[in-house]
Amino acid sequence: MHLAYPAVLAALLFCTGLYGVLARRNAILVLMSVELMLNAVNLNLVAFDVWLRDTLHAGQALTLFTIAIAAAEIGIGLAIVLMVYRNRGTSDVDRLRDTAEGNEPAPSHQSNPSEVTA
């Protein structure tokens, strides 16, 4: 098997995940896109491990480590997204910029702060 086939597939998967992270507004879809990017990295690790004929199988071991990290990331990420959805009523990433507990009013843009109009 040539190395080009899994490398091209991994590049396509990574680009699809990158597009999903940059273009999506739903937090769950962003997490899915991050998982797609991690799977592209895993595919590259295994493909290069097979291509180099590594006797220690370091690429496969690193892939298992990456899968474990991805599982922890998706578990914590989904818990955070669910709590934000329960508190705010949306999982839209653009609406979650100000995540402070208190909703202080925005400061007014007056030229002189001592001038207060009634």
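Me: Where in the chain is the place of Arg53?

Reply: Please bear in mind that this is a predicted model. Arg53 sits in the loop between α2 and α3. Its phi is positive, about 55°, although Arg53 is not a glycine. With a relative accessibility of 70%, Arg53 counts as exposed, because the cut-off for that class is over 50%.

Me: How many helices and how many strands does the protein chain have?

Reply: The protein chain has three helices and zero strands. Along the sequence, this gives the pattern α-α-α. Of the 118 residues in the chain, 21% are buried. Considering contacts between residues at least 6 apart in sequence, 53% of them join residues at least 24 apart.

Me: How should I read the packing of two helices, and what are the values for α2 and α3?

Reply: In general, two packed helices are described by the angle between their axes and the distance between the axes. Here, helix α2 covers residues 27-52 and helix α3 covers residues 58-88. They pack at an angle of about 175°, and their axes are 9 Å apart. An angle over 145 degrees counts as roughly antiparallel, so α2 and α3 are roughly antiparallel to each other. Sorted by class, the residues in the contact of α2 with α3 are 14 nonpolar, six polar and three charged.

Me: Is Asn42 buried or exposed?

Reply: Asn42 is buried, because its relative accessibility is 8%, and buried means under 20%. The residue is found in helix α2. Apart from neighbours within four places in sequence, Asn42 is in contact with Thr63, Thr66 and Ile67.

Me: How is a charged pair to be read, and which residue forms a salt bridge with Arg25?

Reply: The general idea is that side chains of opposite charge can pair when their charged atoms come close. A search of the whole structure finds one salt bridge. In it, Arg25 pairs with Asp94, and the closest N and O atoms are 3.0 Å apart. Arg25 counts as exposed because its relative accessibility is 52%. Asp94, at 37% relative accessibility, counts as partly exposed.

Me: How does one describe aromatic rings that pair, and how many aromatic pairs does the structure hold?

Reply: A pair of aromatic rings is described by the distance of the centres and the angle of the planes. This structure holds one aromatic pair. The partners are Phe48 and Trp51, with 6.1 Å from centre to centre and 85° between the planes. Planes over 60 degrees apart count as edge-to-face, and the pair of Phe48 and Trp51 is edge-to-face. Both residues lie in helix α2, three residues apart, which is about one turn of the helix.

Me: What are the relative accessible areas of Phe48 and Trp51?

Reply: The value for Phe48 is 34%, so Phe48 is partly exposed. Trp51 has a relative accessible area of 47% and is likewise partly exposed.

Methods
Residues are numbered from 1 along each chain as its sequence is written. This is a predicted model: local features need pLDDT of at least 70, side-chain atom pairs count only at pLDDT 80 or more; totals for chains, interfaces and linings use all residues. Side-chain values use heavy atoms; hydrogens and water are left out. Axes are lines fitted to C-alpha atoms, for helices over the stretch in contact, and angles run from 0 to 180 degrees between N-to-C directions. Helices (H or I, at least four residues) and strands (E, at least two) are DSSP runs, numbered from the N terminus. Angles under 35 degrees count as roughly parallel, over 145 as roughly antiparallel, 65 to 115 as roughly perpendicular and the rest as oblique. Ala, Val, Leu, Ile, Met, Phe, Trp, Tyr, Cys and Pro count as nonpolar, Asp, Glu, Lys and Arg as charged, and the others, Gly among them, as polar. A salt bridge is a side-chain nitrogen of Lys or Arg within 4 Å of a carboxyl oxygen of Asp or Glu. Buried means under 20% relative accessible area, exposed over 50%, partly exposed in between (1.4 Å probe, protein chains only). Rings of Phe, Tyr and Trp (its six-membered ring) pair if their centres lie within 6.5 Å; planes under 30 degrees apart count as stacked, over 60 as edge-to-face and the rest as tilted. Contact means heavy atoms within 4.5 Å.
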